[in-house]
Amino acid sequence: MLKPHVRILIVAALCVAALIGLVVREGMARAGGQEVLLAMQPVDPRSLLGGHYVIVSLHEDIPPGAPCPATLGQSTPAGASSSLPRTWLALAPNGRHHSVAGMAQTRADAEKLGPIVVRGAAACFAPELDPADPQRAGFITTIIGVDRFHIAQAEALRIERLLRDQNTADAPPVFAIVSIGKDGRARLSGLEAEGERLMLDWR
Amino acid sequence: MRPPFPRFKRERLRGAPPFRALSLRMAYKDKIERDLDRWIAAGLVEPDKRSAILATVPDARRLDAATALAWVGAVLLGVAVISFIAANWDGLARIARFALVLGAFAACAGLGAWAAWKARPMLSNMALTLAAFVFAAAIGLTGQIFDIAGEPRMALYMAGLAAAALALAGRSTGAACASVALIMLGDFTDRQWFSHGAGLVFSIYAGLFGINLAYRWNSSALAHIGAAAMVYGGALTIASLDDPGAGWLLFSAILFAAGAAYSRSRFAPQTPVFRIFYVWYAWGALLFFAWAGYLPWFGAEDGGGVLHRILWLIASGGLIALGRFDRHLVVTAIGVLSLIAAISAMLSDLGLDLMASAGVFLLCALIALIAGFVLKRSKADA
């Protein structure tokens, strides 16, 4: 039987190794995944106790009168609010960035809807075409388990200001840079603001 | 007739940890001193024996000023270091932040190992408890530093497992308590109630782990949190069911009542943890039974009705009687509270007007006050 202090050191070493292993594994999965850009919207308020970060709320406007993807409902499925929903999303290229093309219960079904698939859920809200307000646009909200980007306070505040100022008629100036791994999980790689890429690295 | 539960202050003193033993010893010596003066005044003890008798009770070790200042200095130094790191957190590279987090955990665990090596169980216990919480924080901070998206529940379960491993490695009751608490918190986090997606409940397993170690290590703190985790886990499991009927709740109530009866039968000075289990299981049994009355009751859609309320009243009264018989104040108090709740439920069922309700509540309040007065008197007499 090992002595208590030896046992404690072994357990502590295993805990440290597990954390290092997690970081290395996630880093490799992020580096090996397929990069996509997804549109974001500003969210208030920020948590004051959670550190400095930008809330990544994936939200894309759809043109006035344009229909929602057929497989998306007006609310996300039950359980989709958790950090990793059980349904699958299909993403399709849309200019510089990617948009949600549809949602399915299985990966195989999602692959029929778009070239890139990711674990997640989405909902689409398309208002009835109103002659008095023909420019009234619908939007798609997306949950893929990516919800915040931790960054220095000054940078976080600058990006939030950009997000608030973005004009919905133009292309959104801030994108989430997301890596889609072979396992179908989305991992945040960074943000693109005004053409500048703020990437997650060791520095 | 079964004798009442023995009181065992001396036995508890022997097995208690140093700080607890210190305060118990001081209180014990003060009490002996007061009793001696009373016995001398009554002529039961010779005045010249006073000093000799008191000399048999060792003096409590007092914390000297230098040691107290050293502790204050150490705490302030810790606060200064944490503040300095927090002020410069943004300026640190991610790898440096990660190294800091790992270093803090390694330092706590290392201190625990060193204390275990030097046969200082209390210091080892404290350091390992701290290490358990630092590791839980380290998981969260690592996720933050590297923006690793994950499930908060899973992070808490992993932290609980690590705390359990530390507890078993260093025989740390504090780390074991932390383990049970973290797993209970994990069960609560991101839970979808009354739906298929609620997921498994691990608090019951954590509770079994806690009560097993509480029995082996004779730890009151672990006994409390382990037994509480059993009640909490049972409640969460039933709340996670799609359509929880009264059957599951009655089954749980019977299980907890059996647990309370077993704990009561096992109570002895050498196994004081059973006294704690007795309280929690009795409370759990009444809780589940009361809850059962508000769910479909074996086919009837409107709950248990009058039959349930009468059984509830009888069970509450029985527990009060048992608590009085066992001289267990907390069990008696639980019975009184349950009785008040049962009467209130009955009132609500009958839809009595406000004046009648006021009268019944006044009666309940009087019963509770009289019960409290009697309990206090019996404690003072003892």
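Author: Start with what a contact is: two residues are in contact if their C-beta atoms, placed from the backbone, lie within 7 Å. Keep in mind that this is a predicted model. Here, A:Ile8, A:Cys15, A:Leu19, A:Leu22 and A:Val23 of α1(A) meet B:Leu128, B:Phe135, B:Ala138 and B:Thr142 of α6(B). By class, that contact has eight nonpolar residues, one polar and no charged.

Reader: At what angle do α1(A) and α6(B) pack?

Author: Angles under 35 degrees count as roughly parallel. The angle between α1(A) and α6(B) is about 5°, and their axes are 11 Å apart. The two helices are therefore roughly parallel to each other.

Reader: How many residues does each chain bring to the whole contact?

Author: Chain A brings 31 residues and chain B brings 36. On the chain A side, α1, β9 and β11 are the elements that each give two or more residues. The most come from α1(A), with 13 residues. Sorted by class, the chain A side has 18 nonpolar, nine polar and four charged residues.

Reader: And how do I check a helix's length, say α8(B)?

Author: Count 1.5 Å for each residue but one. For the 16 residues of α8(B) that should span 22 Å, and the end C-alpha atoms are 23 Å apart, which agrees.

Reader: Is α8(B) mostly covered or mostly open?

Author: Mostly covered: 14 of the 16 residues of α8(B) are buried.

How values were computed. Residues numbered from 1 in each chain as written. Chains lettered and ligands numbered in written order. Predicted model: local features only at pLDDT ≥ 70, side-chain atom pairs only at ≥ 80, totals over all residues. Helix = DSSP H or I, 4+ residues; strand = E, 2+ residues; numbered from the N terminus. Buried ≥ 20, exposed ≤ 12 C-beta atoms within 10 Å, placed from the backbone. Nonpolar A, V, L, I, M, F, W, Y, C, P; charged D, E, K, R; others polar. Axes fitted to C-alpha atoms, helices over the stretch in contact; angles between N-to-C directions. Parallel < 35°, antiparallel > 145°, perpendicular 65-115°, else oblique.
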